[in-house]
Amino acid sequence: HLQTIALLYQEGLTTELQEYITTASDMLKKTESLVSTGNRAFDAILNIKLSELKEKGISCSPELSIPQNLNLPFSDAVTLLGNLLDNAAASCIQHGMPCRVALSVSYRQNTLFLHMSNPCTAAFPAPYGIGMKNVAEVVEKYSGTLQTEVEEGEYVTDVILYNVSCY
């Protein structure tokens, strides 16, 4: 959304910019509160993405164990969770319904662990596109690890971020 807003602003398309912001705001108002960890960044992006999954008929009941004062910038949370859940949704649609995405995020000793799996039709992970390259950049920022594999018809993603503090 931010790229679109920035582009419309740069091009001086104020009417289109206003329409886009109004549409995006309306979408946010329709977003259900499906999770509540107390961490605003995680809650915001997860509630948006989980609502989108639900609208598409994709189930996801995440297991979340993170402190509300986790010091992970909103932009990093959006990049990680937004791209991974968008990719999972696309894979589910390609795979067919019904579909379930498994997601767990936990935090221990300044380390954030994320595990996600969803059905897929591929035999092995495809080369990373722009979204996954952005995820990889966030992982690198925290000297973390990113592992993706296809295992028995499931696309599995494991992310570990180190040196994530609490404020």
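1. Strand β4 (residues 102–108) pairs with β5 in the antiparallel sense over 7 bridges. Two strands count as paired if DSSP finds at least two bridges between them. Helices (H or I, at least four residues) and strands (E, at least two) are DSSP runs, numbered from the N terminus. R108 stands opposite T111 in β5. The two strands form a hairpin with 2 residues between them, and Q109 in the turn has a positive phi of about 50°.

2. On the basis of the values: this is a predicted model, in which local features need pLDDT of at least 70 and side-chain atom pairs count only at pLDDT 80 or more, while totals for chains, interfaces and linings use all residues. Residues are numbered from 1 along each chain as its sequence is written, and side-chain values use heavy atoms, with hydrogens and water left out.

3. Strand β5 (residues 111–119) is mostly covered, with 7 of its 9 residues buried. Buried means under 20% relative accessible area, exposed over 50%, and partly exposed in between (1.4 Å probe, protein chains only). T111, found in β5, is buried at a relative accessible area of 10%. Leaving aside neighbours within four places in sequence, T111 is in contact (heavy atoms within 4.5 Å) with S106, I160, L161, Y162 and V164.

4. β5 also pairs with strand β7 (residues 154–161), in the antiparallel sense and over 8 bridges. L112 stands opposite L161 in β7, and the bridge partner of L114 in β7 is V159.

5. Strand β6 (residues 145–151) runs antiparallel to β7, joined by 7 bridges. Q147 has D158 in β7 as its bridge partner. β6 and β7 form a hairpin with 2 residues between them, and E152 in the turn has a positive phi of about 50°.

6. A search of the whole structure finds 1 cavity of 30 Å³ or more. A cavity here is a set of points, on a 1 Å grid over the protein atoms alone, where a 1.4 Å probe fits but cannot get out; lining residues have an atom within 4 Å of a point. Grid points are joined across faces, edges and corners, and a volume is the space filled by probe spheres set on the points. About 40 Å³ of space lies in the largest cavity.

7. The lining of the largest cavity consists of K49, E52, L53, K56, L85, D86 and A89. Helices α3 (40–55) and α4 (74–95) each supply at least two residues of this lining. By class, the lining has 3 nonpolar, no polar and 4 charged residues. Ala, Val, Leu, Ile, Met, Phe, Trp, Tyr, Cys and Pro count as nonpolar, Asp, Glu, Lys and Arg as charged, and the others, Gly among them, as polar.

Note on methods:
1 Å grid on protein atoms, 1.4 Å probe; cavity = no way out; pocket = protein on both sides within 12 Å on 5 of 7 lines; lining within 4 Å.
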